[in-house]
Structures are given as C-alpha cells and as structure tokens.
Amino acid sequence: MSVLPIRIASLPKAELHVHLEGSLQPATVAKLAGRHGAEVREEEVRRRYAFRDFAEFIETFKWVTSFLREPADYAVVVRDFAEALHVQHVVYAEVTLSVGVMQLRGQDPQANFEAMLEAAEEFEAKGLRLRWVWDAVRQFGVEAAMAVVEAAGQCRSPKIVAFGIGGDERSIPAREFRAVYGRAADLGMHRLIHAGEVGGPENIREAIEHLHAERIGHGIAAVRDPALMDLLVERQIPLEVCPASNIGTGALDVQLGVTGAKIEQHPLPKLFRHGIPIVLSTDDPTMFHTTLTGEYENAWRMGLNKVELERLVEMSFTHAFR
Ligand SMILES: [Zn+2]
C-alpha cells in the first residue's frame, strides 16, 4: 500500500460530521471522571472504546457523556478537540453537540455552550473556525427533539448553523419529526439527520422527502438503491461518509450483508464516482481510533487517486454551511 500523498495531509481541510462527545481522548475522560470523584483509568477508557457493534457503541457514548456535567467540563473537551483538529490543518468544522443528552441530564445547554464558545476563541485566532450542530437523539422522541430546537432558538447564536438528529435510526420514523424540522427551518437552521447508516435506503429517502434534509449523516445504504443514488446526484445532496465509523459500528457489515467487511469494500468510491457529493468525515474520531487525515488514507486505500482525494477536500468546503 502506498502512502497518502503528503500534500493531502498538509492541505487546509474542513470536517463536517464530527461529534464532540465522540472526540474525547482517553486521558481527557479520566481527567473529567476525576473532577467528579470517579476513578477511571485510561486503560478502562481504551477498553470501552473497543466495542463490537452499534449497541455497544451507543453504551460507550452514554458512559462518556456521563462525565460531562457542567460548563467547565465542556470547555476542557473543546480545547482538547480543537487542538486535535488544528494539528491536522483543519480550518473549519461543524461540530455536532448532543444537546438532547444535556437536556435529558437536566443541564442548561446555553450555559454549556457559552463555556464552549469561550474555549474555542483562542483557536479562532489560530485560524480554526468552529460552528455547531445542535443534535437531538432520535429514540428520545419528538417532544425531546423539539426541545432541542427551541433551546437553539433561545440561544440566538449565529454559530449554531444546523439542527440534526442522531442515535438509533431504527427507533422512530423520520416523518414523525416533520414539525420539528419545520420549526428548525423557521429559526434559520439548516437540516441534518443520520440516515442509511444501519438502516435501509428508505430512511434516506424519507429524510429528504419529509424533512428536507440538506446533508445525510452516513447514508451509505444509498448504494443499495440506484434510483436513490440518482436522486442524490440530481439534487446534489451530500452524504457525510465516515469509513472508520462504519467499520467500528458494524454498519458496513449491515449494508453489505457480510461479516468482517474491510475498508477496501466500502462503497465510498462507487457513490463518489456516481456523482454524489461526499463529505469525508470522522464521526467519533477517538472512539473509532481515527483522524480526518486517517480517513483520507482510508479513501486512498479504497482506490481513490490523488485528484479524487483533492476533490474530496474541496467538497467539504463547498458543502459547509458557512
Ligand atoms: Zn454521527
């Protein structure tokens, strides 16, 4: 295997699908736990970051967020996160924030967010701009999702660029969130959703038709539906493709109907060469032991050439909500 062209690693890049809570270094998790009187060793975090399927991944995500309790915790996390992006020449990121989880835990999202914005300021000065996606958890239901939208509205920060829904796409059909997305649009937010990750292509179609989703989180199930692939090309709706995540959660196995799928079997090249806009992303980089540069290496291993990789770098800027 040849090495990723150096130029790609050093190019300024944008990252559009990355969860703050999925980006904590093991040392940071241990530090946060310590702040709250729990003793967690880094080895334990590493062990928990080695999950085998989507259900275990969700459990790990919940465990990690249980140590995010007050605004100062979020400030610590943002500093670590921003530093990791900065060293990879990421100059712009749309960061997904699990506001649904904050509300479930009785926290004040606005107070957390203010601490985060303050922590991000020093990185803005270094040339890294962070924008935010306020995210609801699908299985928490429609009312809880609406509460996330309303909280974002009350915050009135121009740095909140979009509303999204993550979590288990098999729990509640997308169409039930129509009013929630209508409200998000009225408040000037862009519309995102995770779909076609572990669910079928019909979930992507539903997100487009009923929610007017502007980018699809993952969306790799599209490869199973040629008419949907054409629709994504026609409307130029990007898929936020996160290869290492698809291996880690077993989503790639699900979509391909195999076990132990390899990165080389990922449908990214097929989707990309069909003309669907792709924004290459990390999803939960520390949990999936990846980085944005690592994802470009993954795409290179899938057979994309240097020009195609450069095109991918460009696309993340073209499809950003800046
Ligand atoms: Zn995600």
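**Note on the predicted model: sheet, core, helix packing and selected loops**

1. In β8, Leu280 is the bridge partner of Val241. The two strands concerned, β7 (residues 239-241) and β8, pair in the parallel sense over 3 bridges. The model under discussion is a predicted one, and the points below should be read accordingly.

2. An open sheet is formed by 8 strands in the order β1-β2-β3-β4-β5-β6-β7-β8, and the pairing is parallel. Its edge strands are β1 (13-19) and β8 (278-280), each of which pairs on one side only. From one strand to the next, the twist averages 25°. Helix α16 (residues 306-318) packs on this sheet and touches both β1 and β8. The direction of α16 makes about 100° with that of β8.

3. Of the 7 residues in β4 (residues 160-166), 6 are buried, so the strand is largely enclosed by the rest of the structure. On one side, β4 is joined to strand β3 (residues 129-137) by 6 bridges, and these two strands run parallel. Strand β4 also pairs with strand β5 (residues 190-195), in the parallel sense and over 2 bridges.

4. Strand β3, helix α8 (residues 142-155) and β4 make up a β-α-β unit that is right-handed. The chain then crosses from β4 to β5 through helix α9 (residues 178-186), and this β-α-β crossover is also right-handed.

5. The largest nonpolar core contains 94 residues. Those touching the most other members are Trp134, Val148, Ile193, Ala207, Ala222, Leu271 and Ile278. For Ala207, the residues touched are Ala174, Ile193, Ala195, Ala213 and Ile216, when residues up to four places away in sequence are not counted.

6. Helix α5 (residues 71-86) and helix α7 (residues 109-125) pack at an angle of about 35°, and their axes are 8 Å apart. The crossing of α5 and α7 is right-handed. From α5, the contact is made by Pro71, Ala72, Tyr74, Ala75, Val78, Arg79, Ala82 and His86. From α7, the residues involved are Ala111, Asn112, Glu114, Ala115, Met116, Glu118, Ala119, Ala120 and Phe123.

7. Most residues other than glycine have a negative phi. His212 has a positive phi of about 55° although it is not a glycine. This residue lies in the loop between α10 (201-211) and β6 (215-218). His212 has 15 other C-beta atoms within 10 Å and is therefore partly exposed.

8. Gln236 is not a glycine either, yet its phi is positive, at about 55°. The residue is placed in the loop between α11 and β7. Is Gln236 buried or exposed? Gln236 counts as exposed because it has 11 C-beta neighbours inside 10 Å, and a residue with 12 or fewer is exposed.

9. Arg235 is found in helix α11 (residues 226-235). With 11 C-beta neighbours inside 10 Å, Arg235 counts as exposed. Arg235 and Thr259 are 24 residues apart along the chain, and their C-alpha atoms are separated by 33 Å.

10. Gly106 lies in the loop between α6 (99-104) and α7. Since 6 other C-beta atoms are within 10 Å of it, Gly106 is exposed. Gly106 and Gly182 are 76 residues apart in sequence, and their C-alpha atoms are 25 Å apart in space.

11. Lys270 is found in helix α14 (residues 268-273). With 14 C-beta neighbours inside 10 Å, Lys270 counts as partly exposed. Lys270 and Leu128 are 142 residues apart in sequence and 32 Å apart in space, C-alpha to C-alpha.

Technical notes
Residues numbered from 1 in each chain as written. Predicted model: local features only at pLDDT ≥ 70, side-chain atom pairs only at ≥ 80, totals over all residues. Core = buried A, V, L, I, M, F, W, Y, C linked by C-beta atoms within 7 Å. Buried ≥ 20, exposed ≤ 12 C-beta atoms within 10 Å, placed from the backbone. Contact = placed C-beta atoms within 7 Å. Helix = DSSP H or I, 4+ residues; strand = E, 2+ residues; numbered from the N terminus. Pairing = 2+ DSSP bridges. Right-handed = clockwise from strand over helix to strand, strands pointing away. Axes fitted to C-alpha atoms, helices over the stretch in contact; angles between N-to-C directions. Left-handed = near helix turned anticlockwise from the far one by under 90°.
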